[in-house]
Amino acid sequence: LAKLFPELGAKPETSHKIPFQSINQEDMFCALLQLLKDLGHRTSLMLCIDDIQWVDQGTQEFIAFLCERLDLLPIYLFLAQRPQNDIESKWPVHTEKLALDPLGPKGSKELLISMFGTADIPQKFCNDICELSGGNPFAVLEIAKALFSNKTIVWRQNKWVYTTDTDKLPAEISKAIALRLECLSEADQQILRYTAVINRPFDFDLMATLLDKGDTELFEQLERLVQHYFLKKDTQDHYHIFHGLITQTVCEYLSFDTKELLHLELAQVLAASPVADNMANEIAQHFLLANVGNDAWPFLIQSGDFACVAYSFVDAKTNYKQALDIVGKTYEPTSKTYLDVLCKYVDALRWARDWDGVKKVAGAALHLQDLAPYYYGRLVSIYAVHLMVDGKFDEVEKLIKRALENIKEPQFDKVKIQLYIALSQFYWAKGEYGEATKCNEAIVDICQNAIEPF
C-alpha cells in the first residue's frame, strides 16, 4: 500500500515499480481492510464516501467487500448518493438508509435565522427564498447571499428591510452565484478562476506560484474569499471551493481560450513541481484540456503504469488509449515509441478483460508492414490465445512459429517465452501433449541460458 499512499512512509529507494501482473485484487482489498482496521483501533474512525452514484467498478467492488465485513470492524461507514441514482442494490449494504427531504418554509427560515443572526427577518423574504431554492439548503444560503450582495435585503434602522424587486431575484442557483461573483474584485475573481480549473484542494504555494504574488497580499485575498463563502480552508494553507456549483458557475463565464490558457499555466506549474511524479494523471489531463497533447502523453503513460499497480485497469486503459491517440499524430505506427504505447494499451485491455478490444487492436497491429520482430512476437503471443478461444487453430500455429523464427536476439528471450507458452497451450488444446512438452522444455532452456535471470 505504500506505493498507493506515500503517507504510509515508504522510502524513496523502496518505491520501485511493482509488476502489475503480480497484483491480486483480493490481496489489495485485504490490505486496505487491514489499514482501516488498524486506524479504527487507534482512534474513532468514520469513513465518508460522497457521490457514490459515480463510483467506478473497482471502487464499487471494494465498498461491497468492506460492507460485508462491517460487523467485524471498528468503523462507521457513511455513504452519500443522489436519490435519483439509487445503486443500493448493486452491493450487499448492511446499513440504515436515511432519506433527506427538501427543507420546507419552517426549515428554510431557521437556516436563514442562523445566517443573519436574528429572527427578525421579513416573512416575504423567507417565502421567496424557499420557493426559489426548492428546499435545497445550499441554494437557500446562496440565494440569500446574492440578495444581500445586490442590496435586495439591507440592514436599515436596526432591522432587515426587503425590497421585493422581482428583477433582482435570481431565477436559479447559478444566477445567484453569478450575482455574488460580480461583486468581487478582478483579483479575487482570478483566484476563483484558477481554483475552478484546479478543481481540488490546493495549497498556498501553488496559488502563489500561479499568481506570482507576495504572501501577505495573497493571504488577505484568500481569507476574504473564505469569509464570503467562496472558499473553504481545511488546514493552515490548504483551500478548496466551497461548493461544486460555484466551480460550475465560474467555468460557465470563462471563454474557451481562457480555459485553455488557465489549464496550460497550471499544467506547466505542476510539471515543474518536485512531486510531479505523484500527479501524473492530473498534469496529463490539464495538458489535454489545454490542447497540448504532445506534452500530455508522457504523463498519460506514467499515470497508466500507476493505475495498473493500483489495480485500476479501466483507468489504465483510458490513459494508454489517450496516449496512443496523441502519439499516433506524431509518430509512425511502426516506430518504437508508437508500438511501446500500443503494447501497454493491449496489456491494459487484457487486464481490464476487454477481450474484443484485445483482438481488434492486436489483430490490426499485426497487419502493419515492417513490424519489428520483438513487437510482432509480443502481439502474436497475446493474439494467438484469442484465436484459439475462437476456434481458429489453423492460424495459431503459423503465426507463433513465424514469430519464433524471426526472434534471434537474446535480449528478446522474454517474448520467446511468451510465444512458447502460447504454443504449448495450443498443442495442449489439440491433445498433442508431446509437442506441448517440447515447448515447455524450450522455455526451461531459455531460462537456464538467459543473460539475466527471470
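Predicted model: local features only at pLDDT ≥ 70, side-chain atom pairs only at ≥ 80, totals over all residues.
**Helices α4 and α5**

Let's start with two helices that pack against each other: α4, covering residues 123-133, and α5, covering residues 137-149. Their axes lie 9 Å apart and meet at an angle of about 125°. That angle makes α4 oblique to α5, and the crossing of the two helices is right-handed.

Which residues make the contact? On the α4 side they are Phe 125, Ile 129, Leu 132 and Ser 133. Helix α5 brings in Ala 139, Val 140, Ile 143, Ala 144 and Leu 147. Sorted by class, the contact of α4 with α5 has 8 nonpolar residues, 1 polar residue and no charged ones. Ser counts as polar, so Ser 133 of α4 is the polar residue here.

**Aromatic pairs**

Now to the rings. The structure holds 18 aromatic pairs, and two of them are set side by side below.

| Pair | Centre to centre | Angle between planes | Arrangement |
|---|---|---|---|
| Phe 29 and Phe 65 | 5.4 Å | 50° | tilted |
| Phe 287 and Phe 299 | 6.1 Å | 25° | stacked |

Phe 29 sits in helix α1 (residues 25-42), while Phe 65 belongs to helix α2 (residues 57-67). The pair therefore ties together parts that are 36 residues apart in sequence. Both of these phenylalanines, Phe 29 and Phe 65, are buried.

The pair of Phe 287 and Phe 299 counts as stacked because its planes are at 25°, and planes under 30 degrees apart fall in that class. Phe 287 is part of helix α12 (residues 280-289) and Phe 299 is part of helix α13 (residues 293-309), so this pair links parts that are 12 residues apart in sequence. Phe 287 and Phe 299 are buried as well.

There is also an aromatic cluster, formed by Phe 116, Phe 125, Phe 148, Trp 155, Trp 160 and Tyr 162.

**His 263**

Finally, a look at one histidine. His 263 lies in helix α11, which spans residues 256-271. Is His 263 buried or exposed? His 263 has a relative accessible area of 11%, and because buried means under 20%, His 263 is buried.

What does His 263 touch, leaving aside its neighbours within four places in sequence? The residues in contact with His 263 are Val 197, His 286, Leu 289 and Ala 290. Of these, His 286 and Leu 289 fall within the residue range of helix α12, 280-289.

Note on methods. Residues numbered from 1 in each chain as written. Heavy atoms only, no water. Axes fitted to C-alpha atoms, helices over the stretch in contact; angles between N-to-C directions. Helix = DSSP H or I, 4+ residues; strand = E, 2+ residues; numbered from the N terminus. Parallel < 35°, antiparallel > 145°, perpendicular 65-115°, else oblique. Left-handed = near helix turned anticlockwise from the far one by under 90°. Contact = heavy atoms within 4.5 Å. Phe/Tyr/Trp six-rings, centres within 6.5 Å; stacked < 30°, edge-to-face > 60°. Buried < 20%, exposed > 50% of the residue type's maximum accessible area, 1.4 Å probe, protein only.
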